[in-house]
Amino acid sequence: MAASKMVMASLNHCRPLTCAAMVTTSYPTRLVPHPPDLIKWVRREGGFVHQAVKILQDGNNGFGLIATQAIPKGSELIVLPDHIPLKFGPLELFTLLNMSKLDMWEHLAEELWAMKLGVKLLQERAKVGSFWWPYISNLPETYSVPIFFPGEDIKNLQYAPLLHQVNKRCRFLLDFEQQVKHSIENLKPNDDPYGGQDVDASSLGWAMSAVSSRAFRLYGKKLPNGTYNDVPMMLPLIDMCNHSFNPNAQILQEQDPRNSKMLIKVVAETPVKQENPILLNYGCLNNDLFLLDYGFVIPSNPYDCIELRYDGALLDAASIAAGVSSPNFSSPTSWQQQILSQLNLDGEAPVLKVTLGGQELIEGRLLAALRVLLTSDMETVQKHDLDTLKSLSANAPLGIANEVAAFRTVIALCVIALGHFPTKIMDDESLLKQGVSTSTELAIQFRIQKKSVIIDVMRDLTKRVKSLLAKDMTTAQI
Ligand SMILES: C[S@@+](CC[C@H](N)C(=O)[O-])C[C@H]1O[C@@H](n2cnc3c(N)ncnc32)[C@H](O)[C@@H]1O
């Protein structure tokens, strides 16, 4: 939203030695022009690939795996033995980075986990004769993730939470470049884990994006307590599968009876028709994560949502705009405040980020806060537990008037949120028709989807208000 006020960081201005800045077509070129045949390599290494599985271009989704003939449900499509996935073990980290010199390594935020495996990938990419070269050479040369967008297209996203994430990643990569450079500055050429190649924010960004868009988090080693740790790994060939929320394949892990190591399999979850792509579900993610990590946006994504900050003054303004008389979001009574603390919307370390849209429509914590703050009837509130107050399917637990006021407040919040976007969906659509670059198109598609989420929430709540009012009228007439 306040895009113009933010300082834009982008890796687009960096001229990497090892990576082009931004994808320009739907079919990103690979690291080398004619990479080795990945399917043959997997088979040579003891893996299995179903004879009807081939790598082909999959519409606008880049390359994908396609079934060249019908495959029955339950068939094994790919099996990878334990030595094929690219992963790191805890001890390897130390040697990978000369960690004592990289003080920020330990502090890498969870969402930047991809960089850890990315460092390993970059080192394997630089290593002459790497075991994984047949895989690495098949990786895309560029990624359409926003860290590589020109500054103008980062602004074109028009959505502050994503701008914040993009900035955070770009700043991290620029800092990390310095740290990595520092960690290798006094090494003898033979000890340089990057084979003497320049490592800069762009090549680190390439590696982070390769990992975030292709790695899977699977079971690693068995822990003494019998559970397994969760290890991100790159799965050659399996990572040629594109995404769908209605996948026809899934990944399974099994112990190899020959050596008790892990086998990773892709199995047909449904029958696969001839010429159909083999699709996995990357996760029930919102478009922020799809764009940040994978570089694409899903239209009408049922998991897409918008983030808002729980803010008493904003809620008062929304409530007044919705015609609710004297709301007291900025000055809750002490019993209301207690409930806000239980909802973690008040107190010492409140989590003020709340969401609209997605599976919940109104995040439960926000809905409960609205219901509770829009009533003065403490006794009725106390008759319900927190889960009921948070649930949209609970039938107006504090009465119809209260429910209508809560929904109208959210509708007004939506109007305010829509007003923060500098353009309307119609403007966006006509820009798309004019023909724009890949990054501009992605940014515009992203913001269209965010606005659509808001409009869908408003539509849904307006219907609910109408039906509540109709119910109220019927009750009054009886
Ligand atoms: C795990 S890789 C899949 C193989 C990839 N298409 C390739 O050419 O190497 C994930 C990438 O594929 C593309 N992709 C996968 N599913 C997609 C979808 N449903 N829509 C658009 N792009 C998709 C995105 O570029 C994503 O970052």
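Student: Let's start with the ligand: how many residues surround it, and which are the closest?
Tutor: The ligand is surrounded by 14 residues, the closest being Gly62, Phe63, Ser213, Asn242 and His243. A residue counts as near if its C-beta atom, placed from the backbone, lies within 6 Å of the molecule or strand. Keep in mind that this is a predicted model: local features need pLDDT of at least 70, side-chain atom pairs count only at pLDDT 80 or more, and totals for chains, interfaces and linings use all residues. Residues are numbered from 1 along each chain as its sequence is written.

Student: Which elements give two or more residues to that shell?
Tutor: Those are strand E3 (63-67), helix H7 (201-214) and strand E7 (242-243). Helices (H or I, at least four residues) and strands (E, at least two) are DSSP runs, numbered from the N terminus.

Student: And how does the shell around the ligand split by class?
Tutor: Five nonpolar, seven polar and two charged residues make up the shell. Here Ala, Val, Leu, Ile, Met, Phe, Trp, Tyr, Cys and Pro count as nonpolar, Asp, Glu, Lys and Arg as charged, and the others, Gly among them, as polar.

Student: New topic: what does the domain assignment give?
Tutor: Domain 1 covers 3-284 and domain 2 covers 305-477, with bounds that come from an automatic or database domain assignment.

Student: How many residues are in contact between domain 1 and domain 2?
Tutor: Twelve residues of domain 1 are in contact with twelve residues of domain 2, where contact means C-beta atoms, placed from the backbone, within 7 Å. On the domain 1 side, the touching residues are seven nonpolar, four polar and one charged.

Student: What about the sheet with E11 in it, what's the strand order?
Tutor: That open sheet has three strands in the order E11-E12-E13, with antiparallel pairing. Two strands pair if DSSP finds at least two bridges between them. Strand E11 (305-309) and strand E13 (361-362) are at the edges with a single partner strand each, so one side of each has no neighbour in the sheet. Strand E12 (residues 353-357) pairs with E13 over two bridges, and Leu356 is opposite Ile362 in E13.

Student: Which helix packs on the sheet there?
Tutor: Helix H14 (residues 400-419) does, touching E11, E12 and E13, and its direction makes about 95° with that of E11. Axes are lines fitted to C-alpha atoms, for helices over the stretch in contact, and angles run from 0 to 180 degrees between N-to-C directions.

Student: At what angle do H9 and H14 pack?
Tutor: Helix H9 (residues 312-321) packs with H14 at about 110°, and the axes are 8 Å apart. The two helices are therefore roughly perpendicular, a label for angles of 65 to 115 degrees, while under 35 is roughly parallel, over 145 roughly antiparallel and the rest oblique. Leu315, Ala318, Ser319 and Ala321 in H9 meet Thr409, Ala412, Leu413 and Ile416 in H14. That contact has six nonpolar, two polar and no charged residues.

Student: Okay, which strands stand at the edges of the four-stranded sheet?
Tutor: The order is E1-E4-E9-E8, again open and antiparallel. Strand E1 (48-49) and strand E8 (249-255) are the edges, each with a single partner strand, so one side of each lacks a neighbour in the sheet. Seven bridges join E8 to strand E9 (residues 262-268), and Gln250 has Val267 in E9 as its bridge partner.

Student: In the hairpin of E8 and E9, which residue takes a positive phi?
Tutor: Ser260 does, with a phi near 55°, and the hairpin has six residues between the strands.

Notes: Two residues are in contact if their C-beta atoms, placed from the backbone, lie within 7 Å.
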